[in-house]
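Please look over the sequence and the structure shown below before reading on. The briefing that follows begins with the whole chain and then turns to particular parts of the fold.

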Amino acid sequence: MASQAYLDKMQLRQSYRNLWHTDLVSTIKADFPFCCLALWCGPCVSYMLRKRALYNDMSRYVCCAGYLPCSGKCGESKCPELCLCTEVFLCFGNSVASTRFLLQDEFNIQTTQCDNCIIGFMFCLQQVACIFSLVAMIVGSDELQEASQILNCLSDFVYCTVCACMQTQHKVEMDKRDGKFGPQPMMAVPPAQQMSRFDQPVPPSAGYPPQPAYGYPPPPQAPYAGYPPAAYPQAAYPQAGYSGYPK
């Protein structure tokens with residue numbers, strides 16, 4: 001039942017229509033200093049972003065944001081700060097992915113085909129590097145050992161880079177949510193019971209108007225009052241006076 005719930009939720013995300021404020025390719029231009037910080041201090045950044053995603057209310061914290069079987073079984077209610085520290089250091093990849101799912105489900109955000117290709121390449125490269133390491137260990141060939149080490153280094157580099165870009169993408173999205181690009185729409189903090197993500201219908205748009213699927217023209221409809229067309233903004237942060245939200 002739990003596995004089916006995960007599959008159902010993954011399929012539901014394919015119907016989301018909002019877009020990230022910046023895609024993975026543009027995150028370095030969008031906030032280069034934060035991207036560097038996320039590259040060198042990934043676990044610390046993951047801690048800050050998860051806490052911010054929870055509106056700084058740690059009473060809402062659940063291990064891995066409720067997306068893994070261990071969620072709710074680690075004593076989070078007694079010491080959420082310590083549990084979050086343990087999560088970001090011991091399960092760094094899961095902590096980044098959980099924050100991503102948390103934002104996607106809250107704001108109805110899809111992951112574009114380009115972002116999916118980048119994330120998929122990262123996973124495939126890790127698998128190939130693991131297979132080469134196993135084969136080199138079994139065969140005992142010096143050439144295979146050297147090739148496996150090169151692949152492992154390349155895999156680690158891609159993993160750290162993609163995770164840093166993902167965290168920058170999350171940070172930019174929360175900057176938009178918190179009105180740092182201009183006046184924000186009326187949004188309320190989601191109730192605590194929404195931390196359980198698998199029994200929900202499609203989440204409310206929370207200030208994000210429905211947008212067309214990536215690569216397809218929008219269907220004919222009345223324009224959304226005060227919202228810009230559904231498209232990625234400029235890669236860099238907006239200058240003073242920019243307002244991506246309705247006044």
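Of the 247 residues that make up this protein, 41% count as buried, and it should be kept in mind throughout that the model is predicted. The protein has 8 helices and 0 strands.

**Overall fold**
- Followed along the sequence, the elements give the pattern α-α-α-α-α-α-α-α.
- When contacts between residues at least 6 apart in sequence are considered, 75% of them join residues at least 24 apart.

**The packing of α3 and α8**
- Two packed helices are described by the angle between their axes and by the distance between those axes.
- Helix α3, which covers residues 32-40, packs with helix α8, which covers residues 142-177, at an angle of about 130 degrees, and their axes are 8 Å apart.
- Because of that angle, α3 is oblique to α8, and the crossing of the two helices is right-handed.
- On the α3 side, the contact involves Phe34, Cys35, Ala38 and Leu39, while on the α8 side these meet Cys160, Thr161, Ala164, Cys165, Gln167, Thr168 and Lys171.
- Sorted by class, the residues in this contact of α3 with α8 comprise 7 nonpolar, 3 polar and 1 charged.

**The annotated span**
- According to UniProt, in an unreviewed entry, the feature "transmembrane region" is placed at residues 118-139.
- In the model, residues 118-139 are 100% helix and 0% strand, and the end C-alpha atoms of this span lie 32 Å apart.

Technical notes
Residues are numbered from 1 along each chain as its sequence is written. This is a predicted model: local features need pLDDT of at least 70, side-chain atom pairs count only at pLDDT 80 or more; totals for chains, interfaces and linings use all residues. Side-chain values use heavy atoms; hydrogens and water are left out. Axes are lines fitted to C-alpha atoms, for helices over the stretch in contact, and angles run from 0 to 180 degrees between N-to-C directions. Helices (H or I, at least four residues) and strands (E, at least two) are DSSP runs, numbered from the N terminus. Angles under 35 degrees count as roughly parallel, over 145 as roughly antiparallel, 65 to 115 as roughly perpendicular and the rest as oblique. A crossing is left-handed if the near helix is turned anticlockwise from the far one by less than a right angle, and right-handed if clockwise. Contact means heavy atoms within 4.5 Å. Ala, Val, Leu, Ile, Met, Phe, Trp, Tyr, Cys and Pro count as nonpolar, Asp, Glu, Lys and Arg as charged, and the others, Gly among them, as polar. UniProt positions are given in the numbering used here, feature names are shortened, and annotations may be inferred rather than shown by experiment. Buried means under 20% relative accessible area, exposed over 50%, partly exposed in between (1.4 Å probe, protein chains only).
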